[in-house]
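Please have the sequence and the structure at hand while reading.

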Amino acid sequence: MNGILGMIALLLDINLSSTQKDYAQTAQDCGKVQITLINEVLDRAKIEAAKLELESVPFDLRSILDDVLSLFSEKSRSKGGKLAVFVSDKVPERVVGDPGRFRQIITNLVGNSVKRLNSLLSWLQSFYLIKLHSRKYWKCAFS
């Protein structure tokens, strides 16, 4: 798969029409997704065999969060949502852990949230509607 991605990268470096460039970019993006899926399957096998080893290196947590949110921001916006992240000042600039696994977990969480954004927004609208129309009940039940 890495060989295929390398060849596509070379292809993208030559003078292509906009349509050809779009096709090559799509192929490259799909290849990157395939590598991610392959790695996840391999990781699962390592977990089941108790052979998964985690890295322990310093990394910038905020940078990874920003990168992941930027991947999903357009899709979220197209569904009527907005992604934002807040990291407390108490969290150090650099943390020690496995940045690849952290990115994988955050990507899965954000991706699943964005996939279900329409149903979440619908639920929130219903929630606010119930809250507005039953204020007396709301205070009794949750005060």
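Is Asp 67 buried, partly exposed or exposed? Asp 67 has a relative accessible area of 35%, so the residue counts as partly exposed. The model in view is a predicted one.

## Asp 67 and its partner

The partner of Asp 67 in a salt bridge is Arg 103, with 3.7 Å between the closest N and O atoms. Asp 67 belongs to helix H3 and Arg 103 to helix H4, so that distant parts of the chain, 36 residues apart, are linked by the pair. Arg 103 is also partly exposed, at a relative accessible area of 32%.

## Packing of H3 and H4

The two helices that hold this pair are H3, residues 61–78, and H4, residues 99–115. Their axes come within 10 Å and cross at roughly 25°. Angles under 35 degrees count as roughly parallel, and H3 and H4 are therefore roughly parallel to each other. The crossing of the two is right-handed.

On the H3 side, the contact is made by Leu 61, Ile 64, Leu 65, Asp 67, Val 68, Leu 69, Phe 72, Lys 75 and Ser 76. H4 contributes Pro 99, Phe 102, Arg 103, Ile 106, Thr 107, Val 110, Gly 111 and Val 114. Sorted by class, the contact of H3 with H4 has 11 nonpolar, 3 polar and 3 charged residues. Both Asp 67 and Arg 103 are among the residues in this contact.

The whole structure contains 4 salt bridges. In one of them, the side chains of Arg 101 and Asp 43 meet at 2.7 Å, N to O. Arg 101 lies in helix H4 and Asp 43 in helix H2 (residues 18–48), so this pair ties together parts that are 58 residues apart in sequence. Arg 101 is partly exposed, with a relative accessible area of 22%, whereas Asp 43 is buried at 10%.

Arg 101 also forms a salt bridge with Asp 98, where the closest N and O atoms are 3.9 Å apart. Asp 98 has a relative accessibility of 13% and so counts as buried. Through shared partners, the salt bridges join Asp 43, Asp 98 and Arg 101 into one network.

## Packing of H1 and H2

Helix H2 also packs with helix H1, which covers residues 2–12. The angle between them is about 155°, and their axes are 10 Å apart. Angles over 145 degrees count as roughly antiparallel, and H1 and H2 are therefore roughly antiparallel to each other. H1 passes H2 in a left-handed crossing.

From H1, the residues making the contact are Asn 2, Leu 5, Ile 8, Ala 9, Leu 11 and Leu 12. From H2, they are Lys 21, Ala 24, Gln 25, Ala 27, Gln 28, Gly 31, Lys 32 and Ile 35. By class, the contact of H1 with H2 divides into 8 nonpolar, 4 polar and 2 charged residues.

Where is Ala 50 placed? Ala 50 sits in the loop between H2 and strand S1 (57–59). The phi angle of Ala 50 is near 55°, a positive value in a residue other than glycine. With a relative accessibility of 69%, Ala 50 counts as exposed.

How values were computed:
Residues numbered from 1 in each chain as written. Predicted model: local features only at pLDDT ≥ 70, side-chain atom pairs only at ≥ 80, totals over all residues. Heavy atoms only, no water. Axes fitted to C-alpha atoms, helices over the stretch in contact; angles between N-to-C directions. Helix = DSSP H or I, 4+ residues; strand = E, 2+ residues; numbered from the N terminus. Parallel < 35°, antiparallel > 145°, perpendicular 65-115°, else oblique. Left-handed = near helix turned anticlockwise from the far one by under 90°. Contact = heavy atoms within 4.5 Å. Nonpolar A, V, L, I, M, F, W, Y, C, P; charged D, E, K, R; others polar. Buried < 20%, exposed > 50% of the residue type's maximum accessible area, 1.4 Å probe, protein only.
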